[in-house]
Amino acid sequence: GRPVLLLPEVLPQQLTGHVGILWRNDSRSAQALSASLAMIKMAAKVSILNVDLHEEGEKALKLPLEFLRLHGVQAEAAELHDSHHRLDRLVDEYSVNAEVTLWVTGGGLSSGFNDHLVSNLIRRPHAKAQRAILINE
């Protein structure tokens with residue numbers, strides 16, 4: 001599929017300041033990672049979050065971390081600590097706390113998680129921080 005860049009009305013000062021990658025252990029996430037590599041390489045900081053409920057923490061991130069390392073990108077594994085909230089809300093909270101300026105995700109706009117992600121990160125009042133999202137369709 002092709003990557004689609006969704007931009008909020010108010011752009012961050014530096015789009016590639018902190019790129020966050022939402023990783024599921026599937027081909028769509030791998031395609032999104034590969035398709036967005038040029039933008040990821042421009043980032044000042046890169047974090048990867050495991051959003052696959054069937055995989056355990058950092059073990060699930062071994063493949064994308066190695067892929068990025070082989071392409072000259074230093075990335076860190078990030079953790080979502082509270083399992084009592086919905087995943088999209090945890091990602092939103094991490095987004096604000098870590099000052100993520102661009103999210104990269106696979107799975108297209110039709111996935112339930114991405115729909116919630118778009119709703120939480122783009123469709124919100126101007127007073128709250130907004131984020132750009134690069135989705136691989």
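Mentor: Let's start with strand β3, residues 45-50, which runs parallel to β4 and is joined to it by 3 bridges. Look along that pairing and you'll find I48 standing opposite A77 in β4. Keep in mind that this is a predicted model.

Now zoom out a bit. These two strands belong to an open sheet of 6 strands, in the order β1-β6-β5-β2-β3-β4, and the pairing is mixed. At the edges stand β1 (3-6) and β4 (76-78); each has a single partner strand, so one side of each is left without a neighbour in the sheet. On average, neighbouring strands here are turned by 25 degrees against each other, ignoring direction.

Next, the helices. Helix α3, residues 62-70, lies across β2 (18-23), β3 and β4, and it runs at about 160 degrees to β3. Helix α4 also lies across β2, β3 and β4, plus β5 (102-106), running at about 150 degrees to β5.

The structure holds 1 aromatic pair. It's made by these two rings: the centres of Y94 and W103 are 6.1 Å apart and their planes sit at 50 degrees, so the pair counts as tilted.

Finally, follow the chain past the helix. After α4 comes E99, which has a positive phi, near 55 degrees.

Technical notes:
Residues are numbered from 1 along each chain as its sequence is written. This is a predicted model: local features need pLDDT of at least 70, side-chain atom pairs count only at pLDDT 80 or more; totals for chains, interfaces and linings use all residues. Side-chain values use heavy atoms; hydrogens and water are left out. Helices (H or I, at least four residues) and strands (E, at least two) are DSSP runs, numbered from the N terminus. Two strands pair if DSSP finds at least two bridges between them. Axes are lines fitted to C-alpha atoms, for helices over the stretch in contact, and angles run from 0 to 180 degrees between N-to-C directions. Contact means heavy atoms within 4.5 Å. Rings of Phe, Tyr and Trp (its six-membered ring) pair if their centres lie within 6.5 Å; planes under 30 degrees apart count as stacked, over 60 as edge-to-face and the rest as tilted.
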